[in-house]
Amino acid sequence: MQGFEPFIELVDVNDATGDRKSLYDDLERVRGKGRVSNLFKAYGAFPELGIANFKRLTVLLSRGTLSEKLKEAVMTALAVINHCDYCVSFHGSQLQSLGSSDQEIAAAREFDAEQIEFSPKEKALFEYAMKANGDAHSITPEDIRICRELGTTDAEFVEILETVNTGNAFNTFAGALNIGADDFLTYAMDEYHEKKAAANS
Amino acid sequence: MSGFQDVTQTQVFNKVIAGPLLTIVKFQSELCVICRKLDPMLYAVGKGFETSLLICEADVEENTALADRLNIRSLPTLIMFKSGAEKGRLQGFQTARMLRNWISPILNGPDNEY
C-alpha cells in the first residue's frame, strides 16, 4: 500500500524560488500557466536535472520528424507496461489534445497500432518501439529493413528509441516517488482515482 | 505475480492443456526479466478472448522434468495447446502484434469452434 502522498516534497508553484522557480517558469512558458506537472515538481528537488530533462523532452517532442501523436502513443503504451497510472492519464491527455479518439487511445493501451490512424511507417515504428522496449537485443536486420523500406531515417530511429528511453525514465521516476496525477489532466481520471483508492483500501 | 494461472505442477499442467480451450503456456523463471516483459503483451492479446483463450504460466526452475519433457531450451518459451496437442511455439520476447498474428489463424481456424 503506497498511500496517496508523494515520497518527496512537491513545492507549489507559488512557493518556488531560485533554480526551482526557473524550472517552473520554463514549464509554464512552454506548456501554459498552471501546467507545471507533478513529475517536474519532483524534479524541482534537483533543478539542474529538471531543466536538463525538460529540455530533453522539449527537443524530443518539438523537433525531429516523427509525429507527436506517434511519440505520445508509444509513451502511453509504455505507461501501461510500467503500471504507471499517472503516466497513462498524462499521455492519454496529450493524445486527446492532439485529436486522438478514445478508441485510438485504447488501442495504444493495448499495443495495437493497427487500430490507430497512423501511416504504415508510423505503425512499423510503433512495433519497433515495442520490440526494442521488450528486448532490445531481439531487434533483427529484418525489423530494420521493414522500417527503412517505409522511409525511416537514421535520425528517426534515434528519435523513436529516445521516446522509449524517456517514457521509461519518467515512468520509473513517477512510480518510485509515488507521484500522483495532475489536476489539469483530462484522460481516464475516474479510472485513475478508482485504481488509487483500490490500491490504498 | 503475473496473475496468469500457474500450471507448474505436472498434474495441473496435464489437466489444463487437455481442456477444450486454446491454451498458451508461458514457460518462464523468476529471474527471467524478458519473461516478465511479455506479461502486458499477453494480457492485451487475451482481452476479448476470455471465453476462448486461456493463458497460463509454468516455472521451469520449479519443475525441470516438465521443461525437459517439452524440450524448453530458452526463456521465455510460449507453447500453444489445443485438446492436449501442441499447435505451435515461440521463443523470446513477442510484441502484441506478433502474438496476435500467431494466435489469430488458430483461434479463427476451422478446427476452433469458439
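Helices (H or I, at least four residues) and strands (E, at least two) are taken as DSSP runs and numbered from the N terminus. The structure is a predicted model, in which local features need pLDDT of at least 70 and side-chain atom pairs count only at pLDDT 80 or more, whereas totals for chains, interfaces and linings use all residues. Residues are numbered from 1 along each chain as its sequence is written, chains are lettered from A and ligands numbered from 1 in the order in which they are written, and side-chain values use heavy atoms, with hydrogens and water left out.

The secondary structure of chain A consists of 10 helices and 0 strands, and its pattern along the sequence reads α-α-α-α-α-α-α-α-α-α. Chain A has a radius of gyration of 17 Å, close to the 17 Å given by the globule rule for 201 residues, so chain A is as compact as a globular protein of that length. This radius is taken over C-alpha atoms, and the rule is 2.2 Å times the number of residues to the power 0.38. The C-alpha trace of chain A spans about 50 × 40 × 30 Å along its principal axes.

Buried residues account for 49% of the 201 residues of chain A; buried means under 20% relative accessible area, exposed over 50%, and partly exposed in between, with a 1.4 Å probe and protein chains only. Among contacts (heavy atoms within 4.5 Å) in chain A between residues at least 6 apart in sequence, 68% join residues at least 24 apart. Chain A has an accessible surface of about 9700 Å², and 53% of this surface belongs to carbon and sulfur atoms. Accessible areas come from the Shrake-Rupley method with a 1.4 Å probe, and for residues only the protein chains shown count as cover. Chain A carries 20 positive and 33 negative side chains, with the centres of the two sets 4 Å apart. Lys and Arg count as positive and Asp and Glu as negative, while His and the chain ends are not counted; the place of a charge is NZ of Lys, CZ of Arg, CG of Asp or CD of Glu.

Several individual positions in chain A were examined. Thr152(A) occupies the loop between α8 (141-149) and α9 (154-176) and counts as buried because its relative accessibility is 4%. From its side chain, Thr152(A) reaches the backbone oxygen of Cys147(A) at 2.9 Å; a polar contact is a pair of N or O atoms within 3.5 Å, where within protein one must be able to donate a hydrogen and the other to accept it, and residues adjacent in sequence count only if both atoms are side-chain atoms. Apart from neighbours within four places in sequence, Thr152(A) is in contact with Lys121(A), Leu125(A), Cys147(A) and Phe157(A).

Leu161(A) is part of helix α9 of chain A. With a relative accessibility of 31%, Leu161(A) counts as partly exposed. When residues up to four places away in sequence are not counted, Leu161(A) touches Tyr128(A) and Ala132(A). A distance of 13 Å separates the C-alpha atoms of Leu161(A) and Ile144(A), which are 17 residues apart along the chain.

Positive phi values were found at two loop residues. His83(A), a residue other than glycine, has phi near 55 degrees and lies in the loop between α4 (68-81) and α5 (85-97) of chain A. Its relative accessible area is 67%, so His83(A) is exposed. Asn178(A), also not a glycine, has a positive phi of about 55 degrees and is placed in the loop between α9 and α10 (189-199). Asn178(A) is buried, as its relative accessible area is 2%.

Chain B comprises 4 helices and 5 strands, arranged along the sequence as β-α-β-α-β-α-β-β-α. Its radius of gyration is 13 Å, close to the 13 Å from the globule rule for 114 residues, so chain B is as compact as a globular protein of that length. Along the principal axes, the C-alpha trace of chain B spans about 35 × 30 × 20 Å. Of the 114 residues in chain B, 52% are buried. In chain B, 70% of the contacts between residues at least 6 apart in sequence join residues at least 24 apart. Chain B has 12 positive and 12 negative side chains, and 6 Å separates the centres of the two sets. The peptide bond between Leu75(B) and Pro76(B) is cis, with omega about -10 degrees. Pro76(B) is located in the loop between α3 (64-69) and β4 (77-82) of chain B.
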